[in-house]
Amino acid sequence: MDAFSDLLLALIVSLALVYIVLASQFESFILPVMVMMSIPFAMSGAFLALFLAGKSLSMPSFIGLIMLVGIVVNNAILLVEFINQNKKVMGRDDAIATAGQARMRPILMTTLTTILGMVPMALGIGDGMEMMAPMGISIIGGLIASTIVTLFLVPILYSIVDDMETKQTKDIDEVQVYKEIRLENNKKTRRKNI
């Protein structure tokens with residue numbers, strides 16, 4: 001129980017560190033949350049893979065979950081960064097559609113290479129590797145689930161967040177215009193009174 005509580009603390013710290021790095025990279029507090037939305041799906045994929053393989057949650061599988069926190073955000077970073085770079089040039093919706101087409105191959109390649117690299121560990125090939133099999137299984141399951149979800153969820157979340165930010169900016173601009181009109185009317189009233 002002490003080991004699991006320490007690993008849970010390590011998981012929380014890894015989530016916080018990933019958020020801090022993403023917030024500094026994107027210079028936003030909302031975009032990192034959107035990128036990190038693939039993490040819960042990675043965890044559920046890892047638990048499902050462990051269940052299907054007949055393995056229980058153990059120290060190696062929990063370490064695999066901690067590793068997933070840093071691994072699965074890479075795919076979402078590729079999508080969000082591409083959209084951010086091209087949003088002003090081609091418009092948000094076109095940038096999202098192009099990001100899905102242009103970044104799907106690199107995302108699938110990096111995911112497949114990681115999954116294939118984990119297969120020997122998941123199969124427990126080699127002396128003493130059967131103890132590390134749950135780690136490989138949890139990483140493989142988490143990567144499969146997060147990759148599928150990232151390709152669909154992140155573009156949808158990006159458009160929702162961008163709509164909210166656009167609406168908020170529009171509201172602020174309308175308030176500013178109203179204040180300027182009011183100030184101008186006050187100046188005209190003062191001139192008439194003088």
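So, salt bridges: there are four of them in this structure, and by salt bridge I mean a side-chain nitrogen of Lys or Arg within 4 Å of a carboxyl oxygen of Asp or Glu. Before I go on, what you're looking at is a predicted model, where local features need pLDDT of at least 70, side-chain atom pairs count only at pLDDT 80 or more, and totals for chains, interfaces and linings use all residues. Residues are numbered from 1 along each chain as its sequence is written, and side-chain values use heavy atoms, with hydrogens and water left out.

Okay, back to the charges. Take Lys-87 and Asp-162: their side chains meet in a salt bridge, 3.2 Å from N to O. That pair ties together distant parts of the chain, with Lys-87 in helix H4 and Asp-162 in helix H6, 75 residues apart. When I say helix, I mean a DSSP run of H or I with at least four residues, numbered from the N terminus. For accessibility, buried is under 20% relative accessible area, exposed is over 50%, and partly exposed is in between, using a 1.4 Å probe and protein chains only. On that scale, Asp-162 is buried because its relative accessibility is 10%, while Lys-87 comes out partly exposed at 24%.

Now look at Arg-92. Its side chain meets that of Asp-93 in a salt bridge at 3.0 Å, N to O. Arg-92 also bridges to Asp-163, and there the closest N and O atoms are 2.4 Å apart. This one also links distant parts of the chain: Asp-163 sits in helix H6 and Arg-92 in helix H5, 71 residues apart. Arg-92 has 18% relative accessibility, so it counts as buried, whereas Asp-163 is partly exposed at 42%.

Which residues touch the most other members of the largest nonpolar core? That would be Val-35, Leu-68 and Val-80, out of 45 residues in that core. A nonpolar core here is a set of buried Ala, Val, Leu, Ile, Met, Phe, Trp, Tyr and Cys residues joined through side-chain atoms within 4.5 Å. The elements giving two or more residues to it are H1 (2-26), H2 (31-35), H3, H4 (59-90), H5 and H6 (133-193). H4 gives the most, with 13 residues.

Let's zoom in on H3, which runs over residues 38-53. It has 16 residues and reaches 22 Å from first C-alpha to last, close to the 22 Å expected at 1.5 Å a residue; the expected span is 1.5 Å times one less than the number of residues. Buried along H3 you'll find Ser-38, Ile-39, Ala-42, Met-43, Gly-45, Ala-46, Ala-49 and Leu-50. Those cover an arc of only 165° around the axis, so they end up on the same side of H3, with the arc taken from the directions from the helix axis to the C-beta atoms. What does the face turned away from that buried side carry? The exposed residues Phe-51 and Leu-52. Just after H3, Gly-54 takes a positive phi of about 75°.

While we're on positive phi, have a look at Glu-27. Its phi is near 55°, positive in a residue other than glycine. Glu-27 lies in the loop between H1 and H2, and at 72% relative accessible area it's exposed.

Last stop, the surface. Met-104, Leu-108, Leu-112, Leu-116, Val-119, Leu-123 and Ile-125 make a nonpolar patch with about 650 Å² of accessible area together. Patches use residues with over 30% relative accessible area and no salt bridge, joining like charges within 9 Å and nonpolar side chains (Val, Leu, Ile, Met, Phe, Trp, Tyr) within 5 Å. The areas come from the Shrake-Rupley method with a 1.4 Å probe, and for residues only the protein chains shown count as cover. Leu-123 and Ile-137 are 14 residues apart in sequence and 8.3 Å apart in space, C-alpha to C-alpha.
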